[in-house]
Amino acid sequence: MNNQAAEEKFNIVGLVVNCSPDSQDSVVEKLNQTPGVEVHAAEEGRLVTTLADDYCELTLLNTTTERNKISGVLATSIAYHHFDGMGNQASLVPANQEKAL
């Protein structure tokens, strides 16, 4: 991928991850080992995390699914999502409206 395309796209997702309090430390450790993931707060099995994806290679569904596969995770909720960039815009526009853009 060229640098210009990388600069045009940015995807950030805020996720609340619920886990069993007994496994909180291991879940935080596993999340912190994941590229682009940052754990901002953890208390009583509730984790506030963000996933920053500069290249927009991950889909939101894959991101959430992968978090739910971590041992001890009970549920993952999307709290925030922001996409910035033109790289994928054409695929988000219905075919009958492309000419209007």
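## A walk through the predicted fold

What you have open is a predicted model, in which local features need pLDDT of at least 70 and side-chain atom pairs count only at pLDDT 80 or more, while totals for chains, interfaces and linings use all residues. Residues are numbered from 1 along each chain as its sequence is written, and side-chain values use heavy atoms, with hydrogens and water left out.

**Cartoon view.** Switch to cartoon and you will find four helices and four strands (DSSP runs: helices are H or I with at least four residues, strands are E with at least two, numbered from the N terminus). From one end of the sequence to the other, the pattern is α-β-α-β-β-α-β-α.

Select strand 1, residues 10-19, together with strand 4, residues 73-84. These two pair in the antiparallel sense over 10 bridges (pairing requires at least two DSSP bridges). To find your place, pick N18, whose bridge partner in strand 4 is A75.

**Helix 2.** Next, select residues 24-32, where Q24, V27, V28 and L31 are buried (under 20% relative accessible area with a 1.4 Å probe, protein chains only; exposed is over 50%, partly exposed in between). Look down the helix axis: the buried residues fall within an arc of 100°, so they line one face of helix 2 (the arc uses directions from the axis to the C-beta atoms).

**The core.** Which residues have the most contacts inside the largest nonpolar core? Select V17, V27, L31, L47, I70 and V73, from a core of 13 residues (buried Ala, Val, Leu, Ile, Met, Phe, Trp, Tyr and Cys joined through side-chain atoms within 4.5 Å). Strand 1 gives the most to this core, with four residues. Zoom in on V27: beyond its neighbours within four places in sequence, V27 is in contact with C19, L47, I70, S71, G72 and V73 (heavy atoms within 4.5 Å).

**Last stop: T76.** This residue of strand 4 counts as buried because its relative accessibility is 14%. Show side chains and look for the polar contact of 2.6 Å between T76 and N68 (a pair of N or O atoms within 3.5 Å, one able to donate a hydrogen and the other to accept it within protein; residues adjacent in sequence count only if both atoms are side-chain atoms).
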